Amino acid sequence: MIKAFVSAGLALGLMASTASAQALLTAETGPPGTVPFTSTTTLAEIVSASGLADVQVVDSQTLTNSLQNLAEGKTDISASPIILTFLMSKGAGPYAALGAEKGAELIGNVQALYTFNYGGFGLYAYNSSSVKGWDDVSGKTILNGPPRGAALTNDRGILQLVSGVEDGKDYTGIQVNWGQMPKTITDGSADAMMLPVTFPDARITRSLSAGDMTLWSIPKDIWEGERMQKYIKSPGTAGITFDLSDVAPVEGLTIVSEDGIWRSPTTVGAEVVNASMDFDTAKALTKAMIDNVDTFLTKAPYMATTKVGSVGFGLCGPVPIKYHPGAVAAYEEAGMTVPNCAKP
């Protein structure tokens, strides 16, 4: 039996009551209704129920901070956008205060169990807003993410690529923690939102109580352009396209694309662990995902296209992290080929 309880803030604890559990592990993840949350909590449920370990999961965290906590040995498991591992290794972006030397040292403590992709990124606004598409954001107030982290970096970058605007120069960007997003969306603080989205998207669905909305896909000509194609090949990023007719309609939400195809970058994420995790535990955690991959992909509607467990997805090239040796063993025992560039 798994016991769920709520502690301070929006923390979610998942613990098994089985006497055979071999370890107590701590984990951090993003807010409910997101791919990182579903990945981490599904893994926790499976390993706790199996008696492999008791897992305590704290949700609604800023994953920039969670990755640093994991690298410093304060947490055993964390969901992490892969772009954060790249930025930490360089001491750049949200990790500028660490510096390159310390950042590179810390990222050496991080290894992956498995990877996945998030939903996508989109611009959306209430139909009552003055923002009617990508060409209307100049001079407006745009909610573009939490105060720091991969989502904010991507939201700013994509909006600049598509609309040619810079935060603080051409528009006013506002940032709030994930838990405050629904209130900020509905209270009219922003003219539009440039945020990660899933299909369906929990934040959008909750916000529709305040009025109908429109969500815009990236225009085809910009998507096919050299700059966007270069962007989706950057560390921790990929591209997603799909036919909108395959997406279940959400009452009150209109999704706009000139040809009915959704196009957007997607963040590649990983379930990561501290490199000090013992071989057998990392192997067992990864095997739990492999053996239950269908559970991950069906846990929530938005998980169907996340590529959970696609071996090597998002790793190699300039990405600084590799699989944990225990994860490599789990994949190879399952008959899956791990690229050499993803091995430690």
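## Cysteine 341 and the disulfide

Cysteine 341 has a relative accessibility of 36% and therefore counts as partly exposed, the class between buried, under 20% relative accessible area, and exposed, over 50%, with a 1.4 Å probe and protein chains only. Its partner is cysteine 316, with the two sulfur atoms 1.9 Å apart, and a disulfide is here a pair of cysteine sulfur atoms within 2.5 Å. By this rule the count comes to 1 disulfide.

The torsion about the S-S bond of cysteine 316 and cysteine 341 is about 85°, so the disulfide is right-handed. The bond links distant parts of the chain, 25 residues apart, with cysteine 316 in the loop between α11 (293-298) and α12 (325-333) and cysteine 341 in the segment after α12. Helices (H or I, at least four residues) and strands (E, at least two) are DSSP runs, numbered from the N terminus.

## Basis of the model

The model is predicted, and local features need pLDDT of at least 70, side-chain atom pairs count only at pLDDT 80 or more, and totals for chains, interfaces and linings use all residues. Residues are numbered from 1 along each chain as its sequence is written, while side-chain values use heavy atoms, with hydrogens and water left out.

Leaving aside neighbours within four places in sequence, lysine 307 is in contact (heavy atoms within 4.5 Å) with Thr115, Phe116, Asn117, Leu297 and Phe313. The C-alpha atoms of lysine 307 and arginine 203 are separated by 22 Å, and the two residues are 104 residues apart along the chain.

Phenylalanine 116, one of those contacts of lysine 307, also takes part in ring pairing. Rings of Phe, Tyr and Trp (its six-membered ring) pair if their centres lie within 6.5 Å, and planes under 30 degrees apart count as stacked, over 60 as edge-to-face and the rest as tilted. A search of the whole structure finds 6 aromatic pairs. Phenylalanine 116 and tyrosine 118 form a stacked pair, 5.9 Å centre to centre with 20° between the planes, and both residues are buried. The rings of phenylalanine 199 and phenylalanine 242 have their centres 5.0 Å apart and their planes at 80°, so this pair is edge-to-face. This second pair links distant parts of the chain, 43 residues apart, with phenylalanine 199 in the loop between β10 (192-197) and α7 (202-207) and phenylalanine 242 in strand β12 (residues 237-243). Phenylalanine 199 is buried at a relative accessible area of 16%, whereas phenylalanine 242, at 21%, is partly exposed. Ring pairs also link Tyr114, Phe116, Tyr118 and Phe296 into a cluster.

## Helices α3 and α5

Helix α3 (residues 82-90) has 7 of its 9 residues buried, so it is largely enclosed by the rest of the structure. The buried residues of α3 are Ile82, Ile83, Leu84, Thr85, Leu87, Met88 and Ser89, and what covers them includes α2 (63-71), β5 (77-81), α4 (99-107), β6 (110-117), α5 (150-163) and β14 (261-274). Just after α3, glycine 91 takes a positive phi of about 60°.

Helix α5, among the elements covering α3, has 11 of its 14 residues buried, so it too is largely enclosed by the rest of the structure. From its first C-alpha to its last, α5 reaches 20 Å, close to the 20 Å expected at 1.5 Å a residue, where the expected span is 1.5 Å times one less than the number of residues. Glycine 164 follows α5 and has a positive phi, near 70°.

## Serine 78 in strand β5

Serine 78 lies in strand β5, another of the elements that cover α3, and serine 78 is buried, with a relative accessible area of 0%. Not counting residues up to four places away in sequence, serine 78 touches Glu28, Ser66, Leu67, Leu70, Ala270, Glu271 and Val272.
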